[in-house]
Amino acid sequence: MPYTLPPLPYSYDALEPYIDAKTMEIHHSKHHQTYVDKLNAAVSGTGFDMKSVEELLGDLNSVPENIRTAVRNHAGGVSNHTLFWNGMAPNAGGEPNGKLSDALNSTFGSFQTFRDTFTNAAVTLFGSGWAWFVIDKNGSLAITTTPNQDSPISHGAKILLGIDVWEHAYYLQYQNRRADFITAWWNTVNWKVISEMFQKSL
Ligand code: MN3
């Protein structure tokens, strides 16, 4: 099978107390694995299994119509979760520095305004989906959301950071309190890696 589940870059309990080990284990080993399995099932034998997940998402119209929805959902699920894990780390949080800090100040006015705007987008997103911090197709820093497992890559964006606000991402620990989960999640944001991604994009 062409697509495989990438290992978490830290242990299941590494993000405690902000995200509990049981949630991380189920989310990675069950939910993320299922997107991998269903993507493999959808594309195997079609010739499209030669493409990377990002290539599939970046040109969904080239994917045959009979598997396009499955690819959109499951390639999205694979890519989104990999980005989510990589955007977090133990002993992280705080604020970015360097060029990303300058760019955030210039686009949003301050880090606090950026953070409040992102938080509001994530809290108020109706139903299941994701909030994103991206470089949009015009090259501007932007905050956006997508429903379900849709990826900003399909809209020509480069993703810097994303948060999963499906209930499975937080329900065990936070029940219906999505806002508390998001507040806690900020303590895990891996600004070091995100700043490096931003630097490379310049
Ligand atoms: Mn999820």
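**Entry 1: the sheet**

I began at W132, which stands opposite G162 in strand β3. The model I am reading is a predicted one. I then asked how many bridges join β1 to β3. There are 6, and the two strands run antiparallel.

Next I looked at the other partner of β1. Strand β1 covers residues 129-135, and strand β2 covers residues 141-147. I found 7 bridges between them, and again the strands run antiparallel. One facing pair I noted is G129 with P147 in β2.

I followed the chain through the hairpin of β1 and β2. It has 5 residues between the strands. One of the residues there, G139, takes a positive phi near 85°.

Then I put the strands in order. The sheet is open, has 3 strands and reads β2-β1-β3, with antiparallel pairing. Which strands are at the edges? They are β2 and β3, the latter at 158-164, and each pairs on one side only. From one strand to the next, the twist averages 25°.

**Entry 2: the manganese ion**

I looked up which protein atoms hold the donor places around the manganese ion. They are NE2 of H27, NE2 of H81, OD of D164 and NE2 of H168. These donors lie 1.9 to 2.2 Å from the ion.

The spacing is H-x53-H-x82-D-x3-H.

Is D164 buried or exposed? Its relative accessibility is 0%, so D164 counts as buried, since the cut-off for buried is under 20%.

**Entry 3: aromatic rings**

I turned to the rings. The count came to 15 aromatic pairs. I picked F114 and F118 to look at first. Their centres are 6.1 Å apart, with 45° between the planes, and the pair is tilted.

F114 and F118 are both buried.

I then traced the links between rings. Ring pairs join F108, F111, F114, F118, F133, W185, W186 and W191 into a cluster.

**Entry 4: R115**

I stayed in helix α5 for R115. How exposed is R115? The relative accessibility is 25%, so R115 counts as partly exposed.

I checked what R115 touches beyond residues up to four places away in sequence. The contacts are T183 and W186. R115 and W186 are 71 residues apart along the chain, yet their C-alpha atoms are separated by 8.8 Å.

**Entry 5: two packed helices**

I moved on to α4 (residues 98-108) and α8 (residues 191-201). They pack at an angle of about 80°, and their axes are 8 Å apart. That angle makes α4 roughly perpendicular to α8.

I listed the residues that meet. From α4 they are K99, L100 and A103. From α8 they are W191, I194, S195, F198 and Q199.

I looked at N190, found in the loop between α7 (178-185) and α8. Is N190 buried or exposed? At 13% relative accessibility, N190 counts as buried.

I set aside its neighbours within four places in sequence. N190 is then in contact with N86, G87, M88, A89 and A92.

I ended with the backbone. The peptide bond from E16 to P17 is cis, and omega is near 10°. P17 sits in the segment before α1 (21-43).

I noted a positive phi, near 55°, at N148, a residue other than glycine. N148 is in the loop between β2 and β3. It is partly exposed, with a relative accessible area of 41%.

Q175 also has a positive phi, near 50°, and is a residue other than glycine. I located Q175 in the loop between α6 (171-174) and α7. Its relative accessible area is 30%, so Q175 is partly exposed.

Key:
Residues numbered from 1 in each chain as written. Predicted model: local features only at pLDDT ≥ 70, side-chain atom pairs only at ≥ 80, totals over all residues. Heavy atoms only, no water. Donors = N, O, S within 2.8 Å, 3.2 Å for Na, K, Ca; no water. Buried < 20%, exposed > 50% of the residue type's maximum accessible area, 1.4 Å probe, protein only. Phe/Tyr/Trp six-rings, centres within 6.5 Å; stacked < 30°, edge-to-face > 60°. Pairing = 2+ DSSP bridges. Helix = DSSP H or I, 4+ residues; strand = E, 2+ residues; numbered from the N terminus. Axes fitted to C-alpha atoms, helices over the stretch in contact; angles between N-to-C directions. Parallel < 35°, antiparallel > 145°, perpendicular 65-115°, else oblique. Contact = heavy atoms within 4.5 Å.
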